[in-house]
Amino acid sequence: FLAVKTCTEELDAAGFVKLSKREPFGGVLKPGGSYYYTINHSTLVAFTVGAKYKAGNGFKIIGGHTDSPYLKVKPISKRAGSGCVQLGVECYGGGLWHTWFDRDLGISGRVLVRTSCPESGKEKIEQHIVRIPKPVARISTLCIHLQTAEERGSFKVNKEEHLSPILGTQSVLEREAKLQLNKMGDDDDHWKKNQEPELLKLIASEIGIDTKQIANFELGLFDCQPASLGGIKNEFLNSARLDNLATCFVALESIVDYSKSDNVSEDDAISLIALFDHEEIGSQSTHGAGSPVMSEAVSRITSAFAENTHSRDPELHASAVRRSFIFSVDMAHAVHPNYANKHERNHGPRMNAGVVIKTNQNQRYATNGVTGFIAREVARKTEKNIPLQEFVVRSDCPCGTTIGPILSANTGIRTVDLGMPQLSMHSCREVMGIADLTNGYNLFKSFFDNFNEIDECLEG
């Protein structure tokens, strides 16, 4: 939620127009214009229309995802044990959960708030995005003296028993809880009675509302430690959620800067970024990459420029699909110097050495001979000397996957899988090379600038 909120704030400042998903795009979209919309406050579609665009022309798409592994608050969040007030949490995605121990954890997410419409007086439910960077929670490790030798050697984490963070002590918080419950009076909200009263009070204070107005929430924990530069020459970026917010950042900067460039006046295509939720859990949701979001975007934008705006000519949509291309971008695995044998010997990407083209013959990545060639041509068509690297997983190792195969299968659009290399993927705190942010930006910008010319030269 916070990632999409940050993106929309920058898009607003750059002059992008917010669209309503519920209203037709026809009559709203104009050649040369820039627009965006969100789904569920966690998936974002933003695009710039080339000044010479016509219905049926192609789309230059950069796809990424906004979610990362984290601890999500359960519907019944109140939990206690051994004199401590805790928070019931569930693991989202495949995190390296041992890295979440002994961290100062804040809380953030979406809160539904009951209010009333000033004009009609009718009840209205507002959605608020909150971020509380205060270290309100902590998951403490068991001290070494109470562990067996086997436990010390393995550090196995039981996700249900060992990851419930401590919010405070019962002796302190129960007194505060009684005061809160007295203030809430005869509130018969079953959901609210299953939440820690002090947590509700903190959220209400952050939003500036009364606790009684909170109707529901979707909250998660995050590491309070801010991002920092590291390495002896400050060549690394140390941060949480680089997978995949580093991609989201670079994609956003590239579309904003492209929208302001002179090239838009000669462009006859759509330049678009689509940042999806739920990649870390399979993308199968109403707003994940497995949903109709991508196909719907192509169809609605194409139809908005059709001569008959009420027509959904399948030929126009098919023509647009065949002229389009997707950069599916998710962070890549850099070679770890302490575990170098985990990489295939000729395909070991290094940090600060360029964006990675990912290939897997079993289609865990969508790259093929043609789409990989197009990515390399995009890098070659610029004076910035954009470096690229290659990644293939070892034949004796399983291969992860991305939104690339999902988008290409659902839409029929040619796709290449790319990523900026990093270490510590899915840790509470990750690391990447700062030069690769520039490498990624230059590649994305060249894609928007040069893809049309490259595609016209490609036979078939």
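The model here is predicted. Strands β6 and β9 (residues 166-169) run antiparallel and are joined by 3 bridges.

Strand β6 has another partner as well. Strand β5 (residues 70-81) is joined to β6 (residues 84-92) by 8 bridges, and the two run antiparallel. V73 stands opposite V89 in this pairing. β5 and β6 form a hairpin, with 2 residues between them. One turn residue, S82, has a positive phi of about 55°.

**An open sheet**

5 strands make up an open sheet with mixed pairing. Their order is β11-β12-β20-β19-β15. Which strands stand at the edges? They are β11 (228-230) and β15 (332-333). Each has a single partner strand, so one side of each is left without a neighbour in the sheet.

Inside this sheet, β12 (residues 236-239) and β20 (residues 430-433) run antiparallel, joined by 4 bridges. F236 stands opposite G433 in β20. Helix α6 packs on the sheet and touches β12, β19 (421-423) and β20. The direction of α6 makes about 40° with that of β20. Helix α11 (residues 435-456) also lies across β12, β19 and β20. α11 runs at about 65° to β20.

A cis peptide bond joins D243 and N244, with omega of about 15°. N244 is found in helix α6.

**Nonpolar cores**

Nonpolar side chains tend to be buried together in soluble globular proteins. The largest nonpolar core in this model has 44 residues. I62, I273, F327 and L443 touch the most other members. Helix α6 (residues 242-259) gives the largest share of this core, 9 residues.

What is L443 in contact with, leaving aside its neighbours within four places in sequence? The list is F327, V355, A375, V378, A379, I386, L388 and L418.

**Two crossing helices**

Helices α7 (residues 293-304) and α8 (residues 314-322) have axes that come within 10 Å. These axes cross at roughly 120°. The two helices are therefore oblique to each other. Their crossing is right-handed. On the α7 side, the contact is made by S295, V298, S299 and T302. On the α8 side, L316, H317 and A320 take part.

**Loop residues**

Three loop residues deserve a look. T359 lies between β16 (355-358) and α9 (369-380). Is T359 buried or exposed? At 16% relative accessibility, T359 counts as buried. Beyond its neighbours within four places in sequence, T359 is in contact with Y365, T367, E390, F391 and V392.

N40 sits in the loop between β2 (34-39) and β3 (43-49). N40 counts as partly exposed, at 26% relative accessibility. H426 lies in the loop between β19 and β20. H426 counts as buried, because its relative accessibility is 18% and buried means under 20%.

N40 and H426 are residues other than glycine with a positive phi.

| Residue | Phi |
|---|---|
| N40 | near 60° |
| H426 | near 75° |
| S82 | about 55° |

Note on methods
Residues are numbered from 1 along each chain as its sequence is written. This is a predicted model: local features need pLDDT of at least 70, side-chain atom pairs count only at pLDDT 80 or more; totals for chains, interfaces and linings use all residues. Side-chain values use heavy atoms; hydrogens and water are left out. Two strands pair if DSSP finds at least two bridges between them. A nonpolar core is a set of buried Ala, Val, Leu, Ile, Met, Phe, Trp, Tyr and Cys residues joined through side-chain atoms within 4.5 Å. Buried means under 20% relative accessible area, exposed over 50%, partly exposed in between (1.4 Å probe, protein chains only). Contact means heavy atoms within 4.5 Å. Axes are lines fitted to C-alpha atoms, for helices over the stretch in contact, and angles run from 0 to 180 degrees between N-to-C directions. Angles under 35 degrees count as roughly parallel, over 145 as roughly antiparallel, 65 to 115 as roughly perpendicular and the rest as oblique. A crossing is left-handed if the near helix is turned anticlockwise from the far one by less than a right angle, and right-handed if clockwise.
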